[in-house]
Amino acid sequence: VEVFVITTKTPEMELTSEELHGVKIYRVEPLNAMDNQFLNWVGGLNMAMAQKAFQLSNDIHFDIIHAHDWLVGEAAQTLANYLKIPLITTIHATEHGRNGGVFTELQQFIHQKEDKLIQSSNQVIVCSEFMKEEVVETFSYPKERISIIPNGVDINSKTFGTVHQLHPLLQQEDRKIIFSLGRLVKEKGFDLIIEAAAKIERNDLCFVIAGIGPMFQEYEKLIKKHSLENTVYLIGFITDQQRNQLFEKCMMAIFPSRYEPFGIVALEAMKFSKPLIVSDTGGLRGINKHLETGLFMKPNNVESLVENIEMILNQPTLAEKMAENGKKLVDQFYSWQRVAEMTKRIYEDQHLLFSINEGLNELNYK
């Protein structure tokens, strides 16, 4: 499959075009890049993306348009209509799901954009059974036009590095590490980890939460409120190598999400053979098996989280067995190779189906 990616230009990426591992990447600047109004910026981005794609289509015959979420919806729909080719859309999450409904004017706008994109798509891809049900119920989209392709992980990457390359925390911390990471937003539930740390009275543990997001300062205040400055560490942004270091070093990983379409971080923990605690919600239900590959905590329940942490601490044989089973599961079902093969199959099916329909339409016209 020859892949062309059109994405947004950022200050960190100076190259406007490059080829990586056979994938041709084009970075465009929104036509109104300096506009501080988010929706105006998105509109300018879509115009720049469509303009670039039209330019490329003068020399390249495209067979499929693949859009990811509403942010690129307008460009994707315009291109598919103009080039008369199938539109495939991956929905990673929905505005309705993130907020437990649609309440504000901005949420309503995004919800309508999602609906328009989904209804215009020949096929929709989601990452879990949970997300399939959400798209069907929220947008009244037919089940038979939704495919489930899970997210994947690089099952071969283990880059712990030398002691000089370690994250500073790992150079000085001798206690057992309980690790979590993700965007610091309410739906990820990191406040539950802080509250659990306040209830577990042990001096041989520390909790490490990596990531950035709007809840960072709120979590700092919560840590200070419970006098946990030397027990719970918010370490902010980390590199992929530092993430791998922390997965290697930690004794368990926790992902207490309130809303989770999939949960790729859970796969990362399994890949590194770590005991896992996740919320019994969303896409995490399709990844984890309680007492086999990890533990389920009750969503939004601190006491349940504490019980699960203590189970792993007190039953090392069970913890080791779950970690081994988790690693086997990831290796078998969640490699990027398998994800690519499943995606390729959808491309081929949609291209063939679209070609047949176009041929029938031409015959009917004649």
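Among the contacts in the chain with a separation of 6 or more, 63% join residues 24 or more positions apart, where contact means heavy atoms within 4.5 Å. The model is predicted, so to speak of local features requires pLDDT of at least 70 and side-chain atom pairs count only at pLDDT 80 or more, while totals for chains, interfaces and linings use all residues. Residues are numbered from 1 along each chain as its sequence is written, and side-chain values use heavy atoms, with hydrogens and water left out.

The chain has 14 helices and 13 strands, which are DSSP runs numbered from the N terminus (helices: H or I, at least four residues; strands: E, at least two). Its radius of gyration, taken over C-alpha atoms, is 23 Å, close to the 21 Å of the globule rule for 366 residues, so the chain is as compact as a globular protein of that length; the rule is 2.2 Å times the number of residues to the power 0.38. Of the 366 residues, 47% are buried, that is, under 20% relative accessible area (1.4 Å probe, protein chains only).

A closer look at one residue follows. E173 sits in the loop between α6 (168–172) and β8 (176–181). This residue is buried, its relative accessible area being 7%. The side chain of E173 makes a polar contact with that of R175 at 2.8 Å; such a contact is a pair of N or O atoms within 3.5 Å, and within protein one must be able to donate a hydrogen and the other to accept it, with residues adjacent in sequence counting only if both atoms are side-chain atoms. Beyond its neighbours within four places in sequence, E173 is in contact with C206 and Y233.

How values were computed
Buried < 20%, exposed > 50% of the residue type's maximum accessible area, 1.4 Å probe, protein only.
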